[in-house]
Amino acid sequence: SLLFNPILMKVQGLLDRAIKEGIDLDPELIEEFKTHCGEALVKQLSRGRGKYSLRMSGLGRPMCQQWHDKNESPKEIQYNSIMRFLFGDIVEAIAMVVLKSSGVNVESEQERVNLDLGVCNLEGTLDVVIDGKVWDIKSASPYAFSKKFGGEFGGYNKVKEDDTFGYLMQGYLYSKAKGMDCGGWIVVDKASGEWAVCEAPDYQKDDSDEQLSKAKVNAKQIVKDAPLKKEFKDKEETFRIQYGPRKGDVVSTGNRVMHTVCSYCDYKLQCWPNAQMYKRVGTQATQRPLVWYTKLKKREVDI
């Protein structure tokens, strides 16, 4: 069971002791933490100043995003995004202190690796090697933590099923370059502080081979400057009436909603220049969430 993963048990044991009686941290770990936090500030506050390069961490993302990255298209980024990125970096720095303090066998961290894909030599920096396996450390929103990485509904198959960010490819490229198995993901919920260990299966040759093959295809397209191809389509906005005489009927608003992947993309307005954010029209809820519309014909629907 994931609940009895040895890494997770050691982490929980350490944090439990810290609450009950306190622990003495290694001064070197404190200095490492300070250094990582300083590096995070520099990296995030000077974002976008570096030249584009193919990296293991990004090669599994949608090709349309990677095209925009390479061609330096204008981004649509909210000011608070920098804070979210910083929070993530700091949570991951804390995670390393906790892992090392808890007695987990950390063999190496932040190790630079490279892999020859034929069309290019791909570089990357893996997070951590524990007990002879390559692991990635992630900070996650409560939704991603429970629905993707941990809890009753998450796990490896869930990550594989909806891998918009290319986590599988990233993990298997690191492990291939290192000549080790992929361990999976060690994940911290940014809101609750809970931990989850999302393990890759013991037999992973099929998934590893598949991801390596995809990586070669993706890299070839980027190196050869393949033209931009929009990968995701918008969809008609419909909803089911929850109450009233027409309860159960499915109604179309006449609007079109942006694909979820596009809605989180920094380049959404490059692909959908007329898009606009508005309160969801297709709902009877009192609190209407904001969504991205590619076509907004009606702002209210009479039922």
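This is a predicted model: local features need pLDDT of at least 70, side-chain atom pairs count only at pLDDT 80 or more; totals for chains, interfaces and linings use all residues.
**View 1. Pairing of β1 with β2.** Strand β2 (residues 121-130) runs antiparallel to β1, and 9 bridges join the two. Within this pair, glutamate 111 stands opposite leucine 126 in β2.

**View 2. Crossing of helices α7 and α8.** The axes of α7 (residues 167-178) and α8 (residues 205-223) come within 9 Å and cross at roughly 100°. Angles of 65 to 115 degrees count as roughly perpendicular, so α7 and α8 are roughly perpendicular to each other. On the α7 side, the contact is made by Leu168, Met169, Tyr172, Leu173 and Lys176. On the α8 side, Asp207, Ser208, Gln211, Leu212, Lys214, Ala215 and Asn218 take part. By class, the contact has 6 nonpolar, 3 polar and 3 charged residues.

**View 3. Second largest pocket.** The second largest pocket holds about 300 Å³ of space. It is lined by 16 residues, of which Gly60, Asp163, Gly166, Gln211 and Lys214 are the closest to its centre. Gln211 and Lys214 also belong to the α8 side of the contact with α7. Both α7 and α8 supply at least two residues each to the pocket lining, and the largest share, 4 residues, comes from α8. The lining divides into 5 nonpolar, 5 polar and 6 charged residues.

**View 4. Largest cavity.** A search of the whole structure finds 1 cavity of 30 Å³ or more. About 80 Å³ of space lies in the largest cavity. Its lining has 13 residues, and those closest to the centre are Cys64, Gln65, Cys262, Cys265 and Cys271. Two or more lining residues come from each of α3 (63-70), α9 (260-263) and α10 (268-271). α3 gives the most to this lining, with 3 residues. By class, the lining of the largest cavity has 8 nonpolar, 2 polar and 3 charged residues.

Key. Residues are numbered from 1 along each chain as its sequence is written. Side-chain values use heavy atoms; hydrogens and water are left out. On a 1 Å grid over the protein atoms alone, a cavity is a set of points where a 1.4 Å probe fits but cannot get out, and a pocket is an open set with protein on both sides within 12 Å along at least five of seven lines; lining residues have an atom within 4 Å of a point. Grid points are joined across faces, edges and corners, and a volume is the space filled by probe spheres set on the points. Ala, Val, Leu, Ile, Met, Phe, Trp, Tyr, Cys and Pro count as nonpolar, Asp, Glu, Lys and Arg as charged, and the others, Gly among them, as polar. Axes are lines fitted to C-alpha atoms, for helices over the stretch in contact, and angles run from 0 to 180 degrees between N-to-C directions. Angles under 35 degrees count as roughly parallel, over 145 as roughly antiparallel, 65 to 115 as roughly perpendicular and the rest as oblique. Contact means heavy atoms within 4.5 Å. Two strands pair if DSSP finds at least two bridges between them.
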